[in-house]
Amino acid sequence: MSFLFESFSGWKKYCDEHSISLVDSVLAYEVEQKGGSPEKIWHGLNQAYQVMKEAVKTGLEEDMNSRSGMIANGAKKVYHNPLTVLSPDFQRLIARALAAKEVNSCMGRVVAAPTAGASGILPGTMVTLQEIHGLTDADICEGLLIGAGIALIIEEKASLAGAVGGCQAETGSAAAMAAGAIVHCLGGTTDQLFNAVGITIQCMLGLICDPVAGLVEVPCVVRNASAAAIAFSSAQIALSNVSAVIPVDECIEAMGEVGASMESRYKETAMGGLAATLTGQQIAKRILIQDIELLPDEPLPD
Ligand code: SF4
């Protein structure tokens, strides 16, 4: 029987005892759960990565204006801004994460990894990592499989849903998946990889879910960009053997504890945080009026 992804310490122990790599352990789990063959799993991963790349391209090339008006081609503006605040790589990372997420907000095709709200983080980080380090699609797919293992454990010990654990569970988990994938793709050890996940969770801990007007647009889109940056910073720290101090399993437990104690107005109800601001409420009201105006006229009663 394959490993059941209940903890990071258990994952490492299982791989050591069975002399199996982290990647192969997730692959065995996927084959067992979904049936089929390893080839089928790799094929599915490759398809998912192609969709991620397409989402980045679409977000950077096509018109991305959401019906609410809150999303207005932000990714393209970042990508083409002649002012580079840090480096061209960083600028492209931020633009790509925004781009894929904007596609989701404009009802386009994305990979919900792990959720639609966080669907810009893996595309932004993986496409940028591939470009900088000259990696193959197959290398990136290995990273995505590592990300899947990370998400399985977070789901088991905490949550992946904003409605359950706040935004830390969505964008935080995606950033943790990306950080682990980066470390794997750059040849890091298991300890470095798990450390990157722990550091990422520490950075994202406590983030509430407060979508304005209940739409997955603001602050979701910009949080995808910042989470992508955090994934890279965590990987850089972990690959330099700087310890998270708190073991990764305990970081995930803390995330679960914070999520469980979070008030419901911070869990996708659009009743707290940015959604409850004056402007947030005005936008919600405007969108509601727009929707009512779009409704077909009811026939008058006889
Ligand atoms: S704010 Fe809520 S809806 Fe938006 S990305 Fe975060 S968890 Fe998802």
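Start in the middle: the largest nonpolar core has 75 residues, and F8, W11, M126 and I150 have the most contacts inside it. A nonpolar core here is a set of buried Ala, Val, Leu, Ile, Met, Phe, Trp, Tyr and Cys residues joined through side-chain atoms within 4.5 Å. Helix 9 gives the most to this core, with eleven residues. Buried means under 20% relative accessible area, exposed over 50%, and partly exposed in between (1.4 Å probe, protein chains only).

Before you click on, a word about what is on screen. This is a predicted model, in which local features need pLDDT of at least 70 and side-chain atom pairs count only at pLDDT 80 or more, while totals for chains, interfaces and linings use all residues. Residues are numbered from 1 along each chain as its sequence is written, and side-chain values use heavy atoms, with hydrogens and water left out.

Now select I150. Skip its neighbours within four places in sequence, and you'll find it in contact (heavy atoms within 4.5 Å) with F8, W11, A176, M177, G180, L193 and V197.

Next, pick helix 9, residues 167-185, together with helix 12, residues 248-261. Helices (H or I, at least four residues) and strands (E, at least two) are DSSP runs, numbered from the N terminus. These two pack at an angle of about 150°, with their axes 10 Å apart. The axes are lines fitted to C-alpha atoms, for helices over the stretch in contact, and angles run from 0 to 180 degrees between N-to-C directions. That makes helix 9 roughly antiparallel to helix 12, a label for angles over 145 degrees. Zoom in and you'll see Q168, A169 and S173 of helix 9 meeting M255, V258 and G259 of helix 12. The contact divides into three nonpolar, three polar and no charged residues. Ala, Val, Leu, Ile, Met, Phe, Trp, Tyr, Cys and Pro count as nonpolar, Asp, Glu, Lys and Arg as charged, and the others, Gly among them, as polar.

Then go to the ligand. Which residues surround it? Look for G117, G162, C167, E170, C209, D210, V216, C220 and R223, each with a heavy atom within 4 Å. By class, this shell has four nonpolar, two polar and three charged residues. Helix 9 and helix 11 (220-239) each supply at least two residues of the shell.

Stay with R223, in helix 11. At 12% relative accessibility, R223 counts as buried. Beyond its neighbours within four places in sequence, R223 touches C167, T171, L207, I208, C209, D210 and L274.

Last stop: A284 in helix 13 (residues 278-294). A284 is partly exposed, at 30% relative accessible area.

Key: Angles under 35 degrees count as roughly parallel, over 145 as roughly antiparallel, 65 to 115 as roughly perpendicular and the rest as oblique.
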